[in-house]
Amino acid sequence: MASCSEQQGQTTIPMTAAMQRKVMSENLKDVRHKLFVMSGKGGVGKSSVTVNLAATLAAQGFNVGILDVDLHGPSVPHLLGSHGFVRVDNEDGKLVPVSCGERLSLISIESFLEDKDAAIIWRGPKKVGAIQQFVAGVKWGALDYLLIDSPPGTGDEHMTILDAIPDAKCVVVTTPQEISLADVRKALDFLKVVKADVLGLVENMSYVSCPDCGRKIYLFGEGKSEEAARRHSLPLLAQMPIDPALAALTDDGRIEDFSGSWLDPVADALEKAEKRAD
């Protein structure tokens with residue numbers, strides 16, 4: 001039985017892990033589908049994929065939230081050109097996500113900071129507590145999709161999310177280079193160990209289209225991600241090219257204006273997976 005502690009003259013009972021999971025689950029009861037976007041390696045475009053997919057779904061008429069749990073290097077606010085701050089609802093005390101359009105909202109650690117260049121110098125327990133607060137203490141409301149953007153690797157942030165949201169579908173982002181695929185194999189092993197539901201792989205920076213003839217030029221080689229997906233009995237959901245237009249919109253914080261359709265198969269796969277689950 002949990003021990004009691006005295007705080008300001010009142011007896012409080014610390015919340016057990018099971019109680020906390022129940023609170024987090026209850027807070028997400030009106031979120032239909034959750035998608036956890038991760039990668040084994042940094043710099044593969046994971047946040048770009050998250051925001052691009054969120055914008056794709058929002059453009060299709062879905063209500064979408066983004067939970068950015070990359071606490072040390074949040075980039076989602078920049079990609080969306082978001083300069084807003086999280087506020088507190090006066091009625092229930094919950095945090096209100098930053099609006100990034102009619103159908104898109106965001107929670108990121110950067111949305112709490114006055115100085116956007118300030119470093120977050122936190123150890124594991126504080127990071128875990130912050131993520132649990134983002135799940136349990138945010139007024140997410142009725143969403144069709146909640147996309148969770150994670151840091152690279154397989155650490156505290158990933159374990160906390162998958163413990164808090166065990167029904168999340170996972171998408172692993174890679175690039176064609178072997179050094180990236182080596183880390184993807186570790187990420188997939190992690191997801192297997194924690195018994196997560198993996199939707200498939202997305203390959204970013206797959207090729208460059210020749211501006212004159214349209215021929216695909218595979219700068220980092222071809223077929224490696226397809227082979228990795230087959231080896232793990234997973235689909236390769238999409239292959240995103242290196243696109244100067246996307247890079248320019250990323251720098252301008254207008255990534256949601258991008259008209260590329262390479263992530264449509266991911267949205268379709270997510271919808272089909274959820275229909276099977278229902």
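**Exercise 1.** Find what joins the side chains of Glu 227 and Arg 230.

*Solution.* Step one: the two side chains meet in a salt bridge, with N to O at 2.9 Å. That term calls for a side-chain nitrogen of Lys or Arg within 4 Å of a carboxyl oxygen of Asp or Glu. Step two: both residues sit in helix α7 (residues 224-231), three residues apart, so about one helical turn separates them. Helices here are DSSP runs (H or I, at least four residues), strands likewise (E, at least two), numbered from the N terminus. Step three: Arg 230 is exposed at 54% relative accessible area, while Glu 227 is partly exposed at 32%. The cut-offs are under 20% for buried, over 50% for exposed and partly exposed in between (1.4 Å probe, protein chains only).

A quick note on the source: this is a predicted model, where local features need pLDDT of at least 70 and side-chain atom pairs count only at pLDDT 80 or more, while totals for chains, interfaces and linings use all residues. Residues are numbered from 1 along each chain as its sequence is written, and side-chain values use heavy atoms, leaving out hydrogens and water.

**Exercise 2.** Work out which parts the salt bridge between Asp 167 and Lys 34 ties together.

*Solution.* Start with the contact: the closest N and O atoms are 3.0 Å apart. Asp 167 lies in the loop between α5 (156-164) and β10 (169-174), and Lys 34 in strand β3 (residues 31-38), so the pair links parts 133 residues apart in sequence. Finally, Lys 34 is buried at 9%, but Asp 167 is partly exposed at 42%.
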